[in-house]
Amino acid sequence: MSDKDSLHAYALLDAILGTGPATRAESEALRRMIIRVPAGQTIAFESQLTCKAYMLLSGWACSVRHLMNGCDQIFDIRLPGDLVGLSNLMLSAAPSAIEAITPVELYPFSRHNLLAADEVNTSLRERLLFSMARDHAVLMEHLIGVARRKPQVRTAHFLLELSERVTRAGLGERHRFVCPLSQYVLADVLGMTAVHLNRTLRSLREMDLVSFRHATVVIIDRPAMIRFAEFNPAYLDHDPAQRLLRPIDDFRHTAVGPHYAGPPRPQ
């Protein structure tokens, strides 16, 4: 990790923990607790009995299940600012592995740490609640993608989701960002083979929607891509105050698809 990345990591840690500017002694204590994991290494193993949760400070990671038939299913890509492995603290064994896609820096939490902090740290408590809600919403979108969306729509939707998250993490812009995911990793996220993904990306590029080359995603026509994928970023919203203050009409205007009115009523 570069010095610039490390400074950003410490600032992010202070912001989320709500500790404010740290003294030199406190900074040194934080430095000693931060864990650095090389790219491709496992942070937490599937079915591991004793687990910690982590705040991802820098780098990209993923939550993944390795199946006995040799296939992998990646549930989510983790970016700086994400709380990773929260379910590991509450279950008897970790339901999935956590692996580093790039070199990462993480701040570990035990169950005791989180419960103790929850009593005094409103910022961290809010972060925990929104992290769990966001994880559930993202997993639901990915399940819908694999089960109900066509490959081109599924891929476009995920790349739009990633562009929103990368922008919010300060790692790029909505129309262009560096993406260290290989086609094999991206295929495991989307539930398809790398060959199928290659054809799908070529199709989206020929439609002048998005290009993914040389580890860079370029969204060529964002409005058209949003319409094509029926993408609504509301499920990624981490700002409860702003969301509660927005008038209900704003949501009607930003919704992409038709509103669900419930099952048909009997005549």
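## The chain as a whole

Of the 267 residues in this chain, 43% count as buried, where buried means under 20% relative accessible area, exposed means over 50%, and partly exposed lies in between (1.4 Å probe, protein chains only). The model is a predicted one: local features need pLDDT of at least 70, side-chain atom pairs count only at pLDDT 80 or more, and totals for chains, interfaces and linings use all residues. Residues are numbered from 1 along each chain as its sequence is written, and side-chain values use heavy atoms, with hydrogens and water left out.

Among contacts (heavy atoms within 4.5 Å) between residues at least 6 apart in sequence, 70% join residues at least 24 apart. The chain exposes about 15100 Å², and carbon and sulfur atoms supply 57% of that area, by the Shrake-Rupley method with a 1.4 Å probe.

## The largest pocket

About 360 Å³ of space lies in the largest pocket. On a 1 Å grid over the protein atoms alone, a pocket is an open set of points with protein on both sides within 12 Å along at least five of seven lines, whereas a cavity is a set of points where a 1.4 Å probe fits but cannot get out; lining residues have an atom within 4 Å of a point. Grid points are joined across faces, edges and corners, and a volume is the space filled by probe spheres set on the points.

Which residues lie nearest the centre of the largest pocket? They are Ser63, Arg78, Ser87, Ser96 and Asp135, out of 18 lining residues. Helix H5 gives the largest share of this lining, five residues. The lining divides into eight nonpolar, six polar and four charged residues. Here Ala, Val, Leu, Ile, Met, Phe, Trp, Tyr, Cys and Pro count as nonpolar, Asp, Glu, Lys and Arg as charged, and the others, Gly among them, as polar.

## The largest cavity

A search of the whole structure finds two cavities of 30 Å³ or more, and the largest has a volume of about 70 Å³. Its lining includes Glu141, His142, Arg154 and Phe158. Helices H5 (122–148), H6 and H7 each give two or more residues to this lining, and H5 gives the most, with four.

## A look at helix H8

How far apart are the end C-alpha atoms of helix H8? They are 18 Å apart, which agrees with the 18 Å that its 13 residues (194–206) should span at 1.5 Å a residue; the expected span is 1.5 Å times one less than the number of residues.

In H8, Ala194, Leu197, Thr200, Leu201, Ser203 and Leu204 are buried. These buried residues pack against helix H6 (151–168), helix H7 (183–190), strand E10 (210–213) and helix H9 (222–229).

## Two residues with a positive phi

Most residues other than glycine have a negative phi. Asp208, in the loop between H8 and E10, has a positive phi near 60°. Asp208 is partly exposed, with a relative accessible area of 49%.

Ser47 is not a glycine either, and has a positive phi of about 70°. Ser47 sits in the loop between strand E2 (42–44) and strand E3 (53–58), and is partly exposed, at 45% relative accessible area.
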